[in-house]
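Trainee: I would like to learn how to read a model of this kind, one feature at a time.
Mentor: Then put it on the screen.

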Amino acid sequence: MYRLAFQLLNIMLTSKTLDIHTRNNKIVETAEGENAKLYCDFTAAPEDEGNLEIEWSVKSVRHPLDTAEIILYTAGQIYDQLYEPLKGRVYFHSVDPAKGDGAIHLSLLTHRDTGIYKCQVKKAPGLRSIKTVLRVLKRPSKPRCYYTEGVGEFGKTKVLHCRSQEGAAPIQYQWSRTPPLKLPTSAVMDRMAGTLTLRDSRESNTGTYKCSAINRVGGEECFLEMNLPDSPLVGMIAGAVTGSLIGVVVIASITCFIVRQRQRRDPETSNEIVEDASPPPPRRRSHPTCRKEDTTTVIEMSRATPV
């Protein structure tokens, strides 16, 4: 009896009639919340006359010593309520898996769905199986962008920082500047630390900087507006021009004040000094006036004079 069982098992294991075309131990990586398709394409031969059975099972990372059946096709029926954690989230890709498509879909994945999934196809005397490693990873969370060192001062190093609090390692960080602008030629980027160092901060480096945090299953990004100051030389030139204008205004004001004072003290002199000034008005000449008493005297004298 034991010999017969051993021979039957040996025939099942060594039979070449049933073949699964999907590569064994394939690794599938996807992000949380996404869907995954696990392949299991097979071909049966005429010698395989037994009942077709397609069984998927999983060895979860939460229970590495246990293997749980998650979905089964047998005798033309599908049973997909076998594994509580995946109820309603696992189904065959084909409506008729017997035609050679034993692939399954897993939806709305979480990190708890990570594990080793096994597809076993049996159609006596053929028996084949493959394993697929599924890794459900967390994509980077939205990173925070900020900068430090020498803020608001020209000529000092500025360090732009970018960091995601969550996400499957490794996470790499990529800095760029809003097109058509490019990163300054002096900028130094550290993709693992998420920093961008601007060693010579100047007004030409002003702009919008973008940081992308990326891992194997996705990415997020943040933006940082940099308003860097002008060069001290530019400030000195601007200050000199402003000072010169103020000096001209002050001198002009003093000159106008002196001219006005002179005009008040001596109008004639001021008219001679100021060009295009109007000539002074002509003076009125005084005429002798006859007073009443003088007229009376003249009359009386005329009377006294003999004819």
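Trainee: What should I know before reading any values?
Mentor: This is a predicted model, in which local features need pLDDT of at least 70, side-chain atom pairs count only at pLDDT 80 or more, and totals for chains, interfaces and linings use all residues. Residues are numbered from 1 along each chain as its sequence is written, and side-chain values use heavy atoms, with hydrogens and water left out.

Trainee: How many helices and strands are there?
Mentor: Helices (H or I, at least four residues) and strands (E, at least two) are DSSP runs, numbered from the N terminus. The protein has four helices and 18 strands.

Trainee: What share of the residues is buried?
Mentor: Buried means under 20% relative accessible area, exposed over 50%, and partly exposed in between, with a 1.4 Å probe and protein chains only. Of the 307 residues, 30% are buried.

Trainee: What share of the contacts comes from residues 24 or more positions apart?
Mentor: A contact means heavy atoms within 4.5 Å. Among contacts with a separation of 6 or more, 57% are between residues 24 or more positions apart.

Trainee: How do I read salt bridges, and how many are there in the whole structure?
Mentor: Side chains of opposite charge can pair when their charged atoms come close. The criterion is a side-chain nitrogen of Lys or Arg within 4 Å of a carboxyl oxygen of Asp or Glu. A search of the whole structure gives eight salt bridges. One of them pairs Arg139 with Glu34 at 3.3 Å, N to O. Arg139 sits in the loop between strands S11 (126–137) and S12 (144–148), and Glu34 in the loop between S2 (26–31) and S3 (36–38), so this pair ties together parts 105 residues apart in sequence. Arg139 is partly exposed at 29% relative accessibility, and Glu34 is partly exposed at 36%.

Trainee: Which residue meets Arg89 in a salt bridge?
Mentor: Asp113 does, at 2.9 Å, N to O. Arg89 is in the loop between strands S7 (77–79) and S8 (90–92), while Asp113 is in the loop between S9 (104–106) and S10 (115–123), and the two are 24 residues apart. Both Arg89 and Asp113 are buried.

Trainee: How do I read a cavity, and which residues line the largest one?
Mentor: Rolling a probe the size of a water molecule over the atoms shows where empty space is left. On a 1 Å grid over the protein atoms alone, a cavity is a set of points where a 1.4 Å probe fits but cannot get out, and lining residues have an atom within 4 Å of a point. Grid points are joined across faces, edges and corners, and the volume is the space filled by probe spheres set on the points. The structure holds one cavity of 30 Å³ or more, and the largest cavity has a volume of about 50 Å³. Its lining residues include Val58, Tyr83, Arg112, Asp113 and Tyr117.

Trainee: Where is His161, and what does its side chain meet?
Mentor: His161 is in strand S13 (residues 158–163). A polar contact is a pair of N or O atoms within 3.5 Å; within protein, one must be able to donate a hydrogen and the other to accept it, and residues adjacent in sequence count only if both atoms are side-chain atoms. The side chain of His161 makes such a contact with the side chain of Thr148, at 2.9 Å.

Notes. 1 Å grid on protein atoms, 1.4 Å probe; cavity = no way out; pocket = protein on both sides within 12 Å on 5 of 7 lines; lining within 4 Å.
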